[in-house]
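These are my notebook entries on a structure that is new to me.

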Amino acid sequence: MVDVPLMAAVVRALPADAALLLVGDVDQLPAVGPGQVLGDIISSGVVPTVRLREVFRQAAESRIILNAHAINEGRPPDLTNRGAEGSDFFFVRAAPEQVAERIVRLVRERIPQRFGFDPLRDIQVLCPMRRSASGVEVLNAALQQALNARAAVADSPRIESMGTSFHEGDKVMQTVNDYEKDVFNGDIGVIRELDAEERTAVVDFDGREVEVEESDFEDLVLSYATTIHKSQGSEYPAVVIALTKQHAIMLQRNLLYTAVTRGRKLVIIVGEEAAVRRAVAEKSLRRRWTKLREWLAGES
């Protein structure tokens, strides 16, 4: 996730006698900003590198880990649900127009009942794209109605901002860094209080209550569902991934690998097997033109 400007700032801030240890996964999605810093450092051959490849016995008991390794190696994950009892990885077949309904049922009923996860606190829905019948916007609308009773009442207090209706009890994400309030891009919280007349709210970000004024709402989005790109760098007890052929333009191996590795204890893919196989097979990534590898290797 580290781009060139951020890494440059880190290196400039280090004293000359400091050591720098980088821990990362070059097979996940690249940084949003320019460059491919970790990949270039590794491929230069100049910096001593250790790559963890072996799956030990305890890890091998997790189908999340086994399937993540399969995806990363270009092999389709096991979607048969064989030995599903006690498993931590499942596949639910659904056509694009069925995905929202299936995910709502999983998040509201089946996962909490079987695994004991809290729908808001523990379960995160991920999707490759914002738009489409199985995209983030449709999923957020469906999950908001299903998980927040206030949103289902026509005259309940709400604040409208940027085309979104926010209610008390909604799960939201901060989209920009706010150093004064100590909340940052990607932080997820729940609206605990909302004053529709004053157009203010209090959002609980993992135990930190932050006051939100009218102008701050443009920096919030619903986060019952979010894009896989937005989830990078985070992990959740349970992850539900929407994946259909409608997402074809985004289906790539590193995207699916990143999504699957967001889940600590449970991963469920909902969608079409053909979409999963297409994502695994698609390794051709957009080329990033950089010179860091050559410079590190002393090439002109």
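**Entry 1: terms and source.** I count two strands as paired if DSSP finds at least two bridges between them. Helices (H or I, at least four residues) and strands (E, at least two) are DSSP runs, numbered from the N terminus. I note that this is a predicted model, in which local features need pLDDT of at least 70 and side-chain atom pairs count only at pLDDT 80 or more, while totals for chains, interfaces and linings use all residues. Residues are numbered from 1 along each chain as its sequence is written, and side-chain values use heavy atoms, with hydrogens and water left out.

**Entry 2: the antiparallel sheet.** I looked up the strand order and found an open sheet of five strands, S8-S7-S6-S5-S9, with antiparallel pairing. Strand S8 (208–212) and strand S9 (220–222) are the edge strands, each pairing on one side only. From one strand to the next, the twist averages 40° (axes are lines fitted to C-alpha atoms, for helices over the stretch in contact, and angles run from 0 to 180 degrees between N-to-C directions). Within this sheet I followed strand S5 (residues 171–174), which is joined to strand S6 (residues 188–195) by three bridges in the antiparallel sense. Val172 has Gly189 of S6 as its bridge partner.

**Entry 3: the parallel sheet.** I then turned to an open sheet of five strands in the order S1-S12-S11-S2-S10, where the pairing is parallel. Strand S1 (89–93) and strand S10 (225–227) each have a single partner strand, so one side of each has no neighbour in the sheet. The twist here averages 25° from one strand to the next. Strand S2 (residues 123–127) runs parallel to strand S11 (residues 236–243), and four bridges join them. One partner I checked is that of Ile123, namely Ala238 in S11.

Entry 4: I take contact to mean heavy atoms within 4.5 Å. Helix H6 (residues 136–147) lies across S2, S10 and S11 and runs at about 165° to S10. Helix H9 (residues 273–281) also packs on the sheet, where it touches S1, S11 and strand S12 (263–271), and its direction makes about 125° with that of S1.

Which residues of H9 are buried? They are Ala275, Val276, Ala279 and Val280, where buried means under 20% relative accessible area, exposed over 50%, and partly exposed in between (1.4 Å probe, protein chains only). Seen down the helix axis, these residues fall within an arc of 135°, so they line one face of H9; the arc is that of the directions from the helix axis to the C-beta atoms. They pack against H4, S1, S11, H8 and S12.

**Entry 5: Leu251.** I found Leu251 in the loop between S11 and helix H8 (253–260). Its relative accessible area is 2%, so Leu251 is buried. Beyond four places in sequence, its contacts include Ala275, Arg278 and Ala279. Leu251 and Ala281 are 30 residues apart in sequence but 9.1 Å apart in space, C-alpha to C-alpha.

**Entry 6: the cores.** A nonpolar core is a set of buried Ala, Val, Leu, Ile, Met, Phe, Trp, Tyr and Cys residues joined through side-chain atoms within 4.5 Å. The largest has 38 residues, of which Ile103, Leu139 and Val240 touch the most other members. Helix H5 (residues 96–115) gives the largest share, seven residues. A second, separate core of 25 residues includes Ala68, Phe91, Leu251 and Val276.
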